[in-house]
Amino acid sequence: MADVSPLLAPPVEFLFATRLYRAEIADEPDLNAALLAACLDAEAVDAEGRAWSERNGYTGYTSFESIDDLARRYAAVGRLSEIAGTHAQRFARMLDWDLGTKRRLAMSSLWINILNPGGFHGSHLHPLSVLSGTYYVSVPPGASTISFEDPRLPLMMGAPPRREGCARESRSHVGVVPRPGSLLMWESWLRHEVTLNRAEERRVSISFNFSWR
Ligand SMILES: [Fe+2]
């Protein structure tokens, strides 16, 4: 059957949009060097975090289960959490969230990820939060992308695959290549994974969650 003429084609409305927020933090040139120093210092002093990473098969170091006051320990991390807070407010407006007056968006956790060459982080989401995100400190050439998964994927019984090279909004998985200074944010239910780090150097990032409380 011939394609329907564009003039006769019924309009298609996009519903239930999944938004990915991206900002490039370029106006604070000293921030990244200070953040990198903070991440390396945290790794050096955090024996508990290093042991947790080892026990749990994390290829590198994460402070996820060991340090909960990075923003107070390191001024640069404190500054990053302020920046993330500003962007979270902006993203919440883009999402048309009505936050009300009795509750507010608050950063509930922030942690360091230092991923060694050959490391990855399997598919997951961030329960009990409303917004999640990552700021990229060091992204060497060939370092992992972050890949997001269509949240409806488990419901697509019998759905055909997508055409090769189709538009990003039609894909079931979308990879994003961050740069040093990139800040990504998404709604916490959005499943994502960090692909294999093929770089020869470590990939350093700082992740965070916001809750509404
Ligand atoms: Fe994550």
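What follows is a short chat about a metal site and a pair of helices in this predicted model.

Visitor: Which atoms coordinate the iron ion?
Guide: Bear in mind that this is a predicted model. The donors are spaced H-x1-H-x65-H in sequence. They sit at 2.1 to 2.2 Å from the iron ion, and they are His124 (NE2), His126 (NE2) and His192 (NE2).

Visitor: Is His192 buried or exposed?
Guide: His192 is found in strand S9, residues 192-194. Its contacts beyond four places away in sequence include Ile146, Phe148 and Trp186, along with His124 and His126. Buried means under 20% relative accessible area. His192 has 3% relative accessibility, so His192 counts as buried.

Visitor: And His124 and His126, buried or exposed?
Guide: These two also coordinate the iron ion through NE2. Both His124 and His126 are buried.

Visitor: How far apart in space are His192 and His173, C-alpha to C-alpha?
Guide: In sequence, His192 and His173 are 19 residues apart. In space, their C-alpha to C-alpha distance is 8.9 Å.

Visitor: On to the helices: how are H1 and H4 oriented to each other?
Guide: The axes of H1 (residues 31-45) and H4 (residues 75-94) come within 8 Å and cross at roughly 120°. H1 passes H4 in a left-handed crossing. Given that angle, H1 and H4 are therefore oblique to each other.

Visitor: Which residues of H4 does H1 meet?
Guide: From H1, the residues involved are Leu31, Ala34, Leu35 and Ala38. By class, the contact has eight nonpolar, no polar and one charged residues. On the H4 side, they meet Ala76, Val77, Arg79, Leu80 and Ile83.

Notes. Residues numbered from 1 in each chain as written. Predicted model: local features only at pLDDT ≥ 70, side-chain atom pairs only at ≥ 80, totals over all residues. Heavy atoms only, no water. Donors = N, O, S within 2.8 Å, 3.2 Å for Na, K, Ca; no water. Buried < 20%, exposed > 50% of the residue type's maximum accessible area, 1.4 Å probe, protein only. Axes fitted to C-alpha atoms, helices over the stretch in contact; angles between N-to-C directions. Helix = DSSP H or I, 4+ residues; strand = E, 2+ residues; numbered from the N terminus. Parallel < 35°, antiparallel > 145°, perpendicular 65-115°, else oblique. Left-handed = near helix turned anticlockwise from the far one by under 90°. Contact = heavy atoms within 4.5 Å. Nonpolar A, V, L, I, M, F, W, Y, C, P; charged D, E, K, R; others polar.
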